[in-house]
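Work through the exercises below with the coordinates open. Each task is followed by a solution in steps.

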Amino acid sequence: MTTRRRSTALIGDDNTVVAGGKTVTWRTLHKLPQLPSPAAVLVDNGADALAAVRHHAVHGTELLVATTSRVDLSMREELADSGFAIVIAKGDEHSVEPAKLKRVEESGRAWLLTSGSTGRPTRIGHTLESLTTVTNQQQPRTWLLPYSPGTYAWWQVVTISLTQADQGLVVIEPSELEIWPSIAAEHGVTAASGTPTFWRQTIYRDTDALTKVPLEQITLGGEPVDQTILDRLHELFPKARISWIYASSEVGASIVVHDGKAGFPKAWLDREPNDERPTLSVVGDELVIASPHHGAGMDGAVHTGDRVEFAGDRVLITGRLDSDEINVGGSKVSAGVVRSVLLAHPGVAWARVFARKAPLVGRMVAAEVVANPALGPITADDLVQWCSHRLPDYGVPRRIKLLDEIPQKETLKSDV
């Protein structure tokens, strides 16, 4: 097996890592036994996932890391047929199913699985270098790591701690998501990244516990980011820097905004690229990106499948092309725009907007909503009236279902 040590990748080796109730460092994480290469390492906890990444950084092992729940049996077969040994990691113990195809390893290659929002997850190739998008020196921070292992957002936070000094990690397991603010407060977390759904879920469950976390940096990404959640987080943490990031396995971290406004400036479209800055374009209603942080083989313009709308001098990402536009009897409305109107209602904690079959017009706008428990009950009629003053008649949801809690996937996203 070809090995390669990247000493520059281990600057953060002495950073503190809190995982599974234990406080260690990257250097003193339990070590996985020598992995075959290529290896698909499937984990059920954050510590094993971090151990696999450090192994990759030290040895250059061709690696895919993901949770066991994200990789079903058919995908395991597909990986084995593609030359990956399947490694089930459980602390110091692990089982190995040899690859069915023998091939030359790609030393230093790290594979990510896409989120599967457009269908079955696919593999995107990166390196530790292409995944490390924060390269300038950072002030000392302790980062929350709530993401599912192996996702692009997870790698973004992990590489900050692995490649920068004084960047600690506090790993949040799925079983700890409901109580993460208390864990974060105990360990002095000052920076946290999550989806809008993650932040809404936390505010919905226990705002008081959240405000006890000494956050200086708040990051949002992974879903369309609306003004309401940005404003709410600023209200709760007026001194924190609030950022939203557009990133994906395919194009990397391509848009980073710190001004507290939803979307990004229209002036950023079609700028000349450089080694760090992507080219952002709009073709039809679709965001197109040519990025220096792209995955292997994805150089050039990548059609993202995300729909955009212009609002004054801002470009808003409203949702997926295949689901955001709703045609109501020939009149088109953005599900994302309707969702933003619903979320602007003070009594709404979360909303999902979608198309539903209807007689005569073919489709109508429908919604699911979770009410803000702090502001008393709301009714579907209240929300229809709210929307009718802010949307054209064809964009007003005609069916609104009130849910008891905010739904959230393993990836911290919901179906928005």
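**Exercise 1. Aromatic pairs**

Find how many aromatic pairs the whole structure has, and describe the geometry of F84 with W111 and of W154 with W155.

Solution. Step 1: a search of the whole structure gives six aromatic pairs. Step 2: for F84 and W111, the centres are 6.4 Å apart and the planes stand at 80°. Edge-to-face requires an angle over 60 degrees, and this pair is edge-to-face. Step 3: locate the partners. F84 is in the loop between α2 (73-81) and β5 (85-90), while W111 is in strand β7 (residues 109-113), so the pair links parts 27 residues apart in sequence. Both F84 and W111 are buried. Step 4: W154 and W155 also form an edge-to-face pair, with 5.5 Å centre to centre and 85° between the planes. W154 is buried at 1% relative accessibility, and W155 is buried at 0%. Step 5: one aromatic cluster is made up of W180, F198 and W199.

**Exercise 2. Charges over rings**

Which charged residues sit over the rings of W111 and F310?

Solution. Step 1: over the ring of W111 is the charged end of R123, 5.7 Å from the ring centre. Step 2: over the face of F310 is K266, at 4.9 Å from the ring centre.

**Exercise 3. Helix α9**

Determine how many residues of helix α9 are buried and what caps its N-terminal end.

Solution. Step 1: helix α9 spans residues 335-343, and seven of its nine residues are buried. Step 2: the buried residues are A335, G336, V338, R339, V341, L342 and L343. Step 3: the cap at the N-terminal end is S334, with a side-chain oxygen 3.1 Å from the backbone nitrogen of G336.

**Exercise 4. Backbone features**

Solution. Step 1: the cis bond joins S37 and P38, with omega about 5°. P38 lies in the loop between β2 (22-25) and β3 (39-43). Step 2: D270 is not a glycine, yet has a positive phi, near 60°. D270 is in the loop between β15 (264-265) and β16 (279-283) and is exposed, at 54% relative accessible area. Step 3: L412, again not a glycine, has phi near 75°. L412 is in the segment after β24 (399-403) and is buried, at 0% relative accessibility.

**Exercise 5. Confidence**

Over which residues is the pLDDT below 50?

Solution. Step 1: the chain averages a pLDDT of 92, and 96% of the residues score at least 70. Step 2: the pLDDT is below 50 over residues 1-8. Beyond near neighbours in sequence, this stretch has 25 contacts in the model. Step 3: where pLDDT is low, the predicted coordinates should not be read in detail.

Conventions: Residues numbered from 1 in each chain as written. Heavy atoms only, no water. Phe/Tyr/Trp six-rings, centres within 6.5 Å; stacked < 30°, edge-to-face > 60°. Helix = DSSP H or I, 4+ residues; strand = E, 2+ residues; numbered from the N terminus. Buried < 20%, exposed > 50% of the residue type's maximum accessible area, 1.4 Å probe, protein only. Lys NZ or Arg CZ within 6 Å of the ring centre and 35° of its normal. Polar contact = N/O pair within 3.5 Å; in protein donor to acceptor, adjacent residues only side chain to side chain. pLDDT = per-residue confidence, 0-100. Contact = heavy atoms within 4.5 Å.
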